[in-house]
Amino acid sequence: MDFYETLGVKRDASADDIRKAYRKLARKHHPDLNPGDKAAEDRFKKVQEAYDVLSDAKKKQIYDQVGFYSENGMPGGGPRGAGGPNMGFGGFDFSDLFTRGAGAHPSGGQTKAGEGNFQDIFSQWFGRSHEPSGQTPQKGTDLEYGLNIDFWQAIRGTQVRLSISRQETCPVCNGTGARAGANTVCPECNGSGNVTQMAGAMRFSLTCPRCEGTGRLGNRCSNCHGDGRVSKTETVDVRIPPGAQQGSRLRVPGKGNAGTFGAPAGDLYITVRVDPHPFFRRDGDDIEITVPVRIDEAGLGTKIEVPTIDGRALLKIPQGTKNGQKFRLREKGVLNARTGKRGDQIVEVSIEAPVVQDERTKELLREYAGLHPEDPRSEIWNKV
Ligand SMILES: [Zn+2]
Ligand SMILES: [Zn+2]
């Protein structure tokens, strides 16, 4: 029997494809949905057998290499060493596969006992553990952390201490998930890892629920319950380099979740969010600021003081400066730690009309109007 053929997948099918194909076929041929149909039962068992091997990386490897897989008599004693459980089914929630009607499966895949149907058997066997705790080493997953810093911290750089909740390699079993010492033969299956279950006229060989197929008892690490990892809150010191920008992403290698069975840990990614400043705006490494300028300053020209991230700087306002005009202060922007260069500061001028209350100012403005009777909108009229 070719397991790939049984599941109707190609030999290079991904684990996901295999799982999908299995789900589909298992649903179709499930004996509960084909009562009394011996052929369906037989197909169901074949599908189950194929998936049992192809969903387990170690078994699959052996199958791919030697062309068959047998629980007993594999060279070197087979893959069933001490260690993690060896579930016959890959990691998904059985409740979604075998849900038939309302009430049959309350949440969590648990069923009411004593109904004597298939669901009971499956939930009984598999309801407890949905995770394929897999003995295959798998790299730990990455963690994401959003960090808020203020404008000045972003510019000058900062050091922050984060409290990260991550999965860490279990210190008791060093990530193996196994407990040293205690290692007795499982009385339920006499060490075979399989039990036979009767359901009506049908017999099933299922992974032993007591030892979860290991054939041994008491060899799970009590600290991590066989997972090899435990949750831990850890403080991580992170240095945010000067010039960090909104959305900058920093990687802290190895501070993601621990891998399983000796595989490397994932990474921690910190996404920086920079709080806005009331006056300074960031545009990459440039700083932008809008400064109010009086009508006489703009008209006559002058030198004004403007704030920069280093303190005050002098800016020349030329005669006849227009509203909205921009001036560049070179290298007064943000120092970029990566390039070692500083951006510029861009100063935008906002010309403010005077608030006139006294007679003298009014007089001066009327006099000014008399000297400049031209229509400031003449250019518009020319083009409309
Ligand atoms: Zn452990
Ligand atoms: Zn057992």
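Reply: Let us begin with Cys170, which is buried, at a relative accessible area of 0%; buried means under 20% relative accessible area, with a 1.4 Å probe and protein chains only. Cys224 is likewise buried, at 5%. The model is predicted, so local features need pLDDT of at least 70 and side-chain atom pairs pLDDT 80 or more, while totals for chains, interfaces and linings use all residues. Residues are numbered from 1 along each chain as written, chains are lettered from A and ligands numbered from 1 in written order, and side-chain values use heavy atoms, without hydrogens and water.

Me: Which residues coordinate the zinc ion (ligand 1)?

Reply: Donors are N, O and S atoms within 2.8 Å of the metal (3.2 Å for Na, K and Ca). Here the SG atoms of Cys170, Cys173, Cys221 and Cys224 coordinate the zinc ion at 2.2 to 2.3 Å. Cys170 lies in the loop between strands E2 (158-169) and E3 (184-185), and Cys224 in the loop between E6 (216-217) and E7 (229-240), so the pair ties together parts 54 residues apart in sequence.

Me: How is a sheet read, and what is the strand order in the open sheet?

Reply: Strands of a sheet pair through backbone hydrogen bonds, either parallel or antiparallel. Strands are DSSP runs of E, at least two residues long, and two of them pair if at least two bridges are found. In this model three strands form an open sheet, ordered E1-E9-E8, with mixed pairing. E1 (143-149) and E8 (249-252) are at the edges with a single partner strand each, so one side of each lacks a neighbour in the sheet. E8 and E9 (residues 268-274) pair in the antiparallel sense over four bridges; Leu250 has Ile270 in E9 as its bridge partner.

Methods: Buried means under 20% relative accessible area, exposed over 50%, partly exposed in between (1.4 Å probe, protein chains only).
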